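Reader: I would like to go through this structure feature by feature. Please give the general idea each time, then the case at hand.

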Amino acid sequence: MTITKKQLENARLHRRTFAIISHPDAGKTTLTEKLLLFGGSIEVAGAVRGRKSQRTARSDWMELEKQRGISISSTVLTFTFESTHINLLDTPGHHDFSEDTYRTLMAADCAVMVIDAAKGIETQTEKLFRVCAARGIPVITFVNKIDRPGPSSLEILSQIEKEFSIEAVPVNWPVGNGPDFLGIVDIATDQMHLYDAESSDSRDTSRQRGWAEVLESNDPLSIDDSSVNLPSIGQHLQADILLHAAEEIELVKHAGLSYQRDKFLRGDQTVVFFGSALTNFGMELFLRGFIDICPPPTSPQTDEIGTSNDLPQFSGFVFKIQANLDPMHRDRVAFIRVCTGRFERDMDVTVARSGNRIRLPRALKVFGRERFTMDEAFPGDIIGVVCPGELRLGDTVFERSPVLYPGVPQFPPEVFASIRCPETSRRKQFDRGLDQLVEEGAVQLFWGTGRQRDAVLAAVGELQFDVVRFRLESEYKAPAELQKLPYTHARWYRCNDRNVSLACPYGAKLVKDFFGSPAILVQSEWDLKQLLRNNPGFSFDAIHETR
Ligand code: G4P
């Protein structure tokens, strides 16, 4: 089936591709679930992933994941809201798997940062925010759990501004919090959405009142509506809460902060929504606002779209490789983010790195553990392609004319270990398994540059090591012994002057990464500072592009 350039552009404009970043327990799973409920992709709450109470889960496909009750691998969840097709890149919340989250962010056009209203910004959120800032990914903020007591909304905004040096622009404003939470005011329309404490609707069906009218009468239920059950608090307290919210909203309006698209896209501004994912409150306001604000899919090469009358070619890049996704098939799936054009089943593409022409016979849409065949895909969509060894992490694929997207970076590891296979007879399987897991990005591997060429495994979190050991044993029947090494930081280095040698801190180790780039491992923050100070002729990278 052929399509026109206009249809292709229309498909692009009606797509949104984003990832949620948060500290564990802030409510990422609950928010994901509620968004999927809105889009009709799931029918019951609790279907997304085992929260503490529900361990069997859609995106928990891996045995280890099930055992630990944490989400290790990212999957893509899709849903449609009105005419917008939304791709939600699901990411593991646990710190130890943040490398996977970092990589997944490379395929997102926008990130939604979920903050627990009671706890404010927590360490993992901060780290993930910094990755977004470094990679130029705009961030929308969702302040969750406003049905619980916590600091004032002004304090939360000021914390975001201070910690991230970013302008925080609220689009709605909570009236009261915790047990005294009465609702949310939509700042643009000056409508108050009344919180119904007893509503058990799976949708946000909140009633609305004009904010000015509520203030004048000092009563959100000034027009009698017996279907709304506001929290029962005294008249005086209610009047105080309304007055306080009115003052805060005045302050916000007075500050003159307004959403500016260019500032938001540059990462100088974040748009802030308040809500409660668990009670669905504020969800619809958030979803509609999100669709307006999140940019439609773009690619570094989109100029091409505007200049030619031809249909833009299909192109994309691999941001994730996952082997043995389906234990029944033991295959290797490369996840490609479509950047331009339309993907069609049985399409021939060129791999930019190798120049090889390969056929993409069948693309898969992976929803948790389930797989569906996709006949076509558009910019912003994620396709899973079964690829026995042809595709690597960071590869660009294109249909006709060469393009090259930035590679998927390696992120700074924080824990290190030596690894060996104690059974000589399983060495071959061990080497093959380790190579595949490194190519997949499940873990990083460095080789010592000395005579022994010893292998050093490196990861952002120790659970990654458990996954490697577990998968080597279960998927390749290759036992592995790991021993923790004392390194704490890795830096990739470069120097243009061949006559200058690197002054290494005591105990540092020179290595090469899996792709052959030189790096150094050091044993403390202090050593790292020494390294940077004593080697002015060198440049050091904490994040490294794989090509
Ligand atoms: P995560 O994926 O970011 O780790 O968080 P998750 O959604 O699993 O939520 C963590 C806990 O916070 C859950 O409770 C969840 O019910 C609760 N929660 C999420 N959103 C809200 C909200 O808007 N208001 C309130 N009050 N609570 C919220 P749990 O007891 O740890 O788990 P469960 O027993 O509910 O599964």
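Author: We start with contacts: two residues are in contact if their C-beta atoms, placed from the backbone, lie within 7 Å. Keep in mind that this is a predicted model.

Reader: Which residues of H4 meet which residues of H5?

Author: On the H4 side they are Ser98, Thr101, Tyr102 and Leu105, and their counterparts in H5 are Lys127, Leu128, Val131, Cys132 and Arg135. The general point is that an α-helix has 3.6 residues a turn, so residues three or four places apart point the same way.

Reader: How is the packing of two helices described, and at what angle do H4 and H5 cross?

Author: In general, two packed helices are described by the angle between their axes and the distance between the axes. Here the axes of H4 and H5 come within 10 Å and cross at roughly 30°. Angles under 35 degrees count as roughly parallel, so H4 is roughly parallel to H5. The crossing of H4 and H5 is right-handed.

Reader: How many residues of H4 are buried?

Author: Helix H4, residues 98-105, has 8 of its 8 residues buried. Among them are Glu99, Asp100, Arg103 and Thr104. The cover over the buried residues of H4 includes helix H5 (123-135) and several strands: S1 (15-22), S3 (84-89), S4 (110-116) and S12 (315-323).

Reader: What is the strand order of the open sheet of 7 strands?

Author: Strands of a sheet pair through backbone hydrogen bonds, either parallel or antiparallel. In this sheet the order is S2-S3-S1-S4-S5-S11-S6, and the pairing is mixed. The edges are strand S2 (76-81) and S6, each of which pairs on one side only. From one strand to the next the twist averages 30°.

Reader: How many bridges join S4 to S5?

Author: S4 and strand S5 (residues 139-144) run parallel and are joined by 6 bridges. Within this pair, methionine 113 stands opposite threonine 141 in S5.

Reader: What is the order in the open sheet of 4 strands?

Author: That order is S7-S8-S9-S10, with antiparallel pairing. Strand S7 (172-175) and strand S10 (208-210) are its edge strands, pairing on one side only. Between S7 and strand S8 (residues 183-186) there are 4 bridges in the antiparallel sense. Tryptophan 173 has valine 185 in S8 as its bridge partner.

Reader: Which residues have the most contacts inside the largest nonpolar core?

Author: As a rule, in soluble globular proteins, nonpolar side chains tend to be buried together. The largest nonpolar core here has 138 residues, and Ala111 and Leu457 have the most contacts inside it. Leaving aside neighbours within four places in sequence, alanine 111 is in contact with Phe18, Ala19, Ile21, Leu105, Cys132, Ile137 and Val139.

Reader: What stands opposite leucine 457?

Author: Alanine 417 stands opposite leucine 457 in S25. Strand S23 (residues 415-420) and strand S25 (residues 455-459) pair in the antiparallel sense over 4 bridges. S23 also pairs with strand S26 (residues 481-485), antiparallel over 5 bridges. In S26, lysine 484 is the bridge partner of alanine 417.

Reader: Which residues have a positive phi although they are not glycine?

Author: Most residues other than glycine have a negative phi, and most peptide bonds are trans. Serine 165 has a positive phi of about 45°. Serine 165 is in the loop between helix H6 (153-164) and strand S6 (167-170). Lysine 477, in turn, has a positive phi of about 50°, and its place is in the loop between helix H13 (462-476) and S26.

Reader: Is lysine 34 buried or exposed?

Author: Lysine 34 lies in helix H2 (residues 28-39). A residue is buried if the count is 20 or more, and lysine 34, with 27 C-beta neighbours inside 10 Å, counts as buried. Beyond its neighbours within four places in sequence, lysine 34 is in contact with Ala277, Asn280 and Met283.

Key: Residues are numbered from 1 along each chain as its sequence is written. This is a predicted model: local features need pLDDT of at least 70, side-chain atom pairs count only at pLDDT 80 or more; totals for chains, interfaces and linings use all residues. A residue is buried if 20 or more other C-beta atoms lie within 10 Å of its own, exposed if 12 or fewer, and partly exposed in between; C-beta atoms are placed from the backbone. Two strands pair if DSSP finds at least two bridges between them. A nonpolar core is a set of buried Ala, Val, Leu, Ile, Met, Phe, Trp, Tyr and Cys residues joined through C-beta atoms within 7 Å. Axes are lines fitted to C-alpha atoms, for helices over the stretch in contact, and angles run from 0 to 180 degrees between N-to-C directions. Angles under 35 degrees count as roughly parallel, over 145 as roughly antiparallel, 65 to 115 as roughly perpendicular and the rest as oblique. A crossing is left-handed if the near helix is turned anticlockwise from the far one by less than a right angle, and right-handed if clockwise.
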